[in-house]
Amino acid sequence: MDLAVAVALQVLTGIATLLIISLGLAVIFGMMRVINLAHGEFLMLGAYAAILSARAGLNIWLAMLVVAPLAVGAIGVAVERLVIRRLYGRMLDTMLATWGLSLGFIGAVTMIFGNTVAGFSAPLGSVAIGGYRSSGYGLFLIGAACVLIAGVWAVLRFTPAGLIARGTMQNPEMAAALGVSPSRVYAIAFAVGAALSGLAGALIAPFSGVVPTMGTVYIAKAFITVITGGAAMLAGTLSASGLLGTVATLGTFATTPVLGEVAMLAVAIVLLRLLPEGITGRFFRRSL
Amino acid sequence: MPIARRSILTGLGAALAMPAVMRHAALGADPIKVVGIHDASGGLDIYGKPMIACLDFAVAELNDAGGLLGRPVQLINYDPQSNIQLYTQFATEAATKDRAAVVHGGITSASREAIRPILHRYQTLYFYNTQYEGGVCDRNCFCTGSTPAQNVNKLVPYVMKTWGKKIYVVAADYNYGQITSKWITKYCHDGGGSIAAVDFFPLDVTDFGPAIQKIQAAKPDVVVSALVGGAHISFYRQWAAAGMKSRIPMASTTFGGGNESLVLSPEEGNGIVAAFSYFQEIDTPENKAFLQKFHAKLGSAAPYLGGELAMRTYVGFNLWAEGVRKAGSIDRMKVIEALETGITNEGPPGRTVIDGRTNHVTLNVYLAECADHGFKVLETYPQQPPADTAMVCNLVKDPNSNRQYVIDVKI
Amino acid sequence: MTGRRPTAEIAAAVVLAAAAIAVLPRVLELFALINATVYASMAVLALSLGLVWGFGGILCFGQAAFFGLGGYGYAVAALNVADTTWAVPIALAVPAAAAALLGYVMFYGRISDVYMGVITLTVTLILFNFTNSTAGDQWRIGAAPLGGFNGIPSTPPLNLPGDPGNPLPPERIFAVAVVCLAACYILGKLVLRSRFGRVVVAIRENERRAELLGYDVRRYKLGIFTLGGFMGGLAGLLFANCVFVSPTMFSLFYSGQIIIWVMVGGLGTLAGPIIGAVLLQALTTWAGTLPAVNPSLILGAVLVAAVLALPKGLLPTAAAALRRLRRRDAAP
Amino acid sequence: MTALLSTEELCMYFGGVRAVDRVNLAVAEGELRCLIGPNGAGKSTFFRCLTGQYRPTAGRIRWRGRDITGADSFAIARLGIGIKTQVPSLFEGLTVVESVILAQRRRHGEADARRRAMAVLERLGIAGLAARVVAQLAHGQRQLVELAMVVAPAPDLILLDEPTAGMSVEETGRAATLIRELNRAHALVVVEHDMQFIKAIASTVTVFHQGRVLVEDSVARVLADPRVHDVYLGRSIAMPGTEGG
């Protein structure tokens with residue numbers, strides 16, 4: 001029984017991690033139809049922002065929850081201005097350019113900080129579930145994932161900015177009709193997506209360690225989650241991370257970490273073969 | 001600032017080596033080329049950087065003492081960036097372009113097995129100065145680190161005596177981890193213990209959550225880790241975060257080989273037991289003298305010498321230099337023959353003797369416990385022979401051998 | 001499109017290849033020659049994606065999968081047979097069959113572009129993960145251990161057919177690689193000239209129109225994709241003969257690099273990807289020797305600059321500039 | 001006698017929208033049929049169902065009596081149904097003659113294929129464009145190139161979706177002649193808005209409204225039908241600001 005609860009908790013942590021690392025990518029993809037292959041490096045930059053400001057003496061929570069998203073959001077604004085904006089509507093070129101950015105960020109950060117694993121310990125202690133112990137930080141991640149997804153949903157659903165965002169998502173001309181320039185909406189969407197990615201990077205850093213190449217571990221997972229989810233960014237990301245996270249974690253328990261990941265990837269392929277438009281292409285089509 | 005440290009480190013290596021070379025070059029002597037191939041970047045740099053520092057130091061020391069056979073030694077360092085393909089590229093370059101007298105390097109067994117055949121093919125002498133899983137049988141290749149019959153053989157009985165007989169093994173998923181885990185199993189069974197499970201993790205795995213739950217479910221007396229590289233450090237971190245440190249003790253065949261003890265906080269690292277053929281903390285006059293000189297030369301850039309990898313590189317280079325002196329030449333076969341007579345080095349880790357039958361070494365083994373970013377030495381086992389490789393390899397009888405035997409461990 | 005003077009281009013390829021084989025082994029050091037062999041295998045790889053993406057319009061994020069399968073296919077087969085010549089058909093058949101299977105799933109499942117990218121990427125990741133976890137003893141095929149993270153460093157090189165005891169020296173392997181590169185280029189030219197190739201290009205231009213004209217688009221895409229898999233496999237075979245096979249052949253980094261080569265060299269040309277591969281490989285190698293600069297930074301900067309400034313790639317841009325220049329000269 | 005192409009209760013729904021609703025329509029060998037109806041009446045969707053681009057929600061499509069419902073586009077094209085879409089769908093990077101050679105879909109020799117393609121281009125009066133790259137052509141020329149591609153494989157039935165869209169009066173007149181000329185060799189279904197044009201070419205007209213067939217009759221009687229007027233009038237009333245009639 002204890003084991004079942006411990007495993008369930010681990011599954012939830014797996015889902016939460018997947019959700020957290022995918023959300024920024026999903027916002028950018030959902031709003032702009034831009035696949036940001038520098039997403040992994042946004043995560044990495046968020047982790048570095050957190051670790052550096054924590055080392056500079058800032059409170060660890062402030063560093064993770066405030067500094068990381070702000071810093072990466074600012075980088076996102078610059079990236080949008082300098083690169084993305086010039087390539088709107090050219091999905092493929094945008095992918096390639098962001099890939100170039102990804103390599104560039106890895107190179108630049110390696111030059112500045114070296115390719116050494118840094119990291120900080122998970123704040124919060126451990127929790128006991130019967131005879132089992134689990135990291136309290138895992139619970140925190142689950143909570144953070146819930147807050148994040150609820151927050152994004154509430155913003156989209158209840159605020160004027162959310163209305164404009166939903167309108168642009170449906171139809172870019174509509175935003176123009178509402179008197180907002182789509183390019184402004186896109187710029188904000190990209191910055192928000194980047195900020196979410198930065199936050200995600202800081203959140204996973206205590207688990208993953210901080211290296212310039214840490215993004216490459218996550219980008220493929222995030223990419224697959226978002227695409228498997230399909231067009232509706234919240235429902236899609238939620239359903240895809242729920243499914244894939246469960247498969248990966250249970251697979252890991254049953255076999256090895258590698259086979260767990262292979263199982264997850266195989267499920268993604270089968271799913272895309274059956275639902276070529278992603279999960280929300282078929283179900284929850286009208287959700288956000 | 002990390003940036004400064006990194007560039008100083010590389011810059012310093014060059015600065016240490018260069019003046020000596022130039023001095024001697026002015027005398028008109030041709031330098032002897034020595035190539036070092038160690039990861040100065042990438043996930044394995046935690047091992048590579050101290051190894052490079054030690055090799056730089058050893059070369060500088062030799063040149064300051066007048067070089068070798070009246071010639072200066074020129075060290076060429078390559079950084080394969082933790083990328084196996086670059087290892088093969090640099091090994092080929094060392095052999096065919098630099099025509100090096102000897103190549104020191106390789107950290108993981110994977111990198112060794114990538115470059116060893118190349119150096120064998122191009123007849124370039126090779127020194128592998130890392131603890132590893134044993135079994136390499138190649139006259140061209142000298143392995144100067146400890147092997148399972150030397151370290152696991154001490155570690156496993158110790159943990160079984162101290163904590164209990166049910167062991168859970170977590171290991172890196174490549175030949176080192178695979179073979180080492182077999183040795184752990186063997187010594188565990190030999191001592192009447194049982195293995196709860198063996199889990200393997202690819203080098204890039206960072207999420208150990210499910211693994212930690214599995215370990216808890218198996219309820220072992222002790223966990224023995226053979227995890228490798230930067231990513232795997234998060235295992236120790238997550239282990240501590242889950243509050244497991246106080247519940248199940250841990251030992252490792254690799255912990256401390258790099259900067260693990262430095263990166264982790266004392267709460268995360270303290271108490272983990274490891275066995276190596278060297279710890280910076282061993283209390284001998286030779287070691288003290290070495291450290292003093294080392295720190296005088298490198299100052300604040302001097303890396304922590306953790307487990308044996310860096311020190312073995314220093315010893316390995318000196319063994320080679322002694323072999324050259326004895327041969328009176330850098331001719332490959334002459335040096336090999338000289339080395340095989342049983343060259344001895346009295347260095348910081350104690351006495352090291354080359355075993356001419358296996359081209360491995362007899363050395364002292366130390367057992368220590370991680371304590372506040374360093375180690376506390378608990379036991380010393382003098383002059384341990386490479387018994388594992390000796391079971392399968394006899395280069396006197398079979399001088400043309402060019403392979404790594406996977407020792408058939410009777411589990 | 002199909003070149004205007006394909007015969008001249010084919011002749012040029014033959015002459016260049018012959019010259020490379022005759023001259024380079026004499027002037028290059030052994031080390032440089034081995035590197036040149038690596039470049040040639042990379043060029044074959046770039047060419048394979050150049051066909052699939054540039055002419056078939058299929059963006060495959062997983063061309064590295066076929067590269068790796070070719071390499072592993074060769075290594076495993078070569079360790080199991082005495083005469084490594086027999087490993088060649090296996091090394092080519094495995095990736096071609098894999099491409100056919102994957103292509104069947106994608107094209108007959110009518111999966112759209114982005115999703116196709118994800119699926120090819122995912123398959124590559126699966127192969128990467130899988131080969132990475134084959135370090136244990138149980139993972140061996142016949143006499144060949146798969147070796148996990150280590151790969152298979154002890155792969156025997158090619159020998160002359162029928163002469164198993166006599167592996168080819170690096171100079172010969174270089175010649176083989178150059179011949180293969182030239183052959184792939186010529187094969188590409190011939191395919192594009194054929195009716196099949198023209199339909200493939202038409203499908204890239206307008207898939208729906210081709211379909212409404214009665215062409216079974218899926219079959220043509222499958223055909224060009226399989227051909228790409230075959231060539232990717234050949235590149236892997238060559239790579240196994242000059243470096244060695246390991247899971248990195250399946251890595252995201254490789255998949256990405258191939259796309260960058262083709263993109264920079266020029267989509268929709270055959271020579272472009274070859275030039276892109278050689279130039280960028282040289283650039284990466286050179287950057288790796290710079291003490292202060294990280295090679296990733298340079299590669300990334302090149303890619304961003306290429307997308308922003310040369311969206312058509314080097315070769316087409318250069319050709320257009322040349323045409324403009326000529327037109328200006330022709331004017332009085 | 002079996003019709004060349006017929007539909008039985010053909011339906012195409014998108015969610016709750018009934019774009020095509022229980023349509024029964026039969027086209028005879030060699031016939032020239034016009035489809036008219038206001039925008040959004042379902043004509044283009046109907047064409048897409050016929051050519052296999054949409055899989056109908058319900059109902060049947062028959063070709064010479066054989067059920068071809070749900071067949072793939074390319075298979076339907078091979079049966080001998082060609083379609084010229086509303087916005088020309090072309091191979092932008094190819095030359096005109098290359099496009100037409102491809103459209104012939106035959107495996108005859110290079111020289112023969114080229115000769116036949118040139119014959120088609122001559123028939124449509126655009127032989128002079130043969131060597132031009134499609135992307136560089138003007139709008140009217142593109143229409144003709146697409147028509148050439150549709151005609152090239154000699155289909156039994158050609159579907160034309162608004163062939164005169166964007167044409168001048170003079171061009172429209174020539175198009176009418178061309179369509180009558182084409183009708184000698186192929187059955188035609190033409191979607192049109194231009195009543196003058198329809199009068200010039202058609203015998204039978206089918207009127208679509210809200211996805212259904214409203215009327216089907218001869219040109220004269222359809223134009224006299226008050227319901228048809230209501231439909232078109234309704235359109236102009238529904239769009240204030242335009243001067244409809």
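Visitor: Which residues of H5(D) are buried?
Guide: They are D:Arg142, D:Gln143, D:Leu144, D:Val145, D:Glu146, D:Leu147, D:Ala148, D:Met149, D:Val150 and D:Val151. Buried means that 20 or more other C-beta atoms lie within 10 Å of the residue's own; 12 or fewer make it exposed, anything in between partly exposed, and C-beta atoms are placed from the backbone. This is a predicted model: local features need pLDDT of at least 70, side-chain atom pairs count only at pLDDT 80 or more, and totals for chains, interfaces and linings use all residues. Residues are numbered from 1 along each chain as its sequence is written, while chains are lettered from A and ligands numbered from 1 in the order in which they are written.

Visitor: Why is H5(D) called largely enclosed?
Guide: Because ten of its 13 residues are buried.

Visitor: What covers the buried residues?
Guide: The cover includes strands S6 (81–84) and S7 (157–161) of chain D. Helices H3 (96–104), H4 (110–123) and H6 (169–183) of chain D are also included. Helices (H or I, at least four residues) and strands (E, at least two) are DSSP runs, numbered from the N terminus.

Visitor: What span should H5(D) have?
Guide: At 1.5 Å a residue, residues 139–151 should span 18 Å. The rule is 1.5 Å times one less than the number of residues. The end C-alpha atoms of H5(D) are 19 Å apart, which agrees.

Visitor: Switching to chain A. How many helices and strands?
Guide: Chain A has twelve helices and two strands. From the N terminus, the order is α-α-α-α-β-β-α-α-α-α-α-α-α-α.

Visitor: What is the radius of gyration of chain A?
Guide: It is 19 Å, which agrees with the value near 19 Å for a compact globule of 288 residues. The radius is taken over C-alpha atoms, and the globule rule is 2.2 Å times the number of residues to the power 0.38. Of the 288 residues in chain A, 61% are buried.

Visitor: Now chains A and B. How many residues does the contact take from each?
Guide: Chain A gives 34 residues and chain B gives 35. Residues are in contact if their C-beta atoms, placed from the backbone, lie within 7 Å. H1(A) supplies the largest share of chain A's side, five residues.

Visitor: And chain C with chain A?
Guide: That contact takes 36 residues from chain C and 34 from chain A. On chain C's side, H5(C) brings the largest share, twelve residues. That side divides into 25 nonpolar, ten polar and one charged. Ala, Val, Leu, Ile, Met, Phe, Trp, Tyr, Cys and Pro count as nonpolar, Asp, Glu, Lys and Arg as charged, and the others, Gly among them, as polar.

Methods
Contact = placed C-beta atoms within 7 Å.
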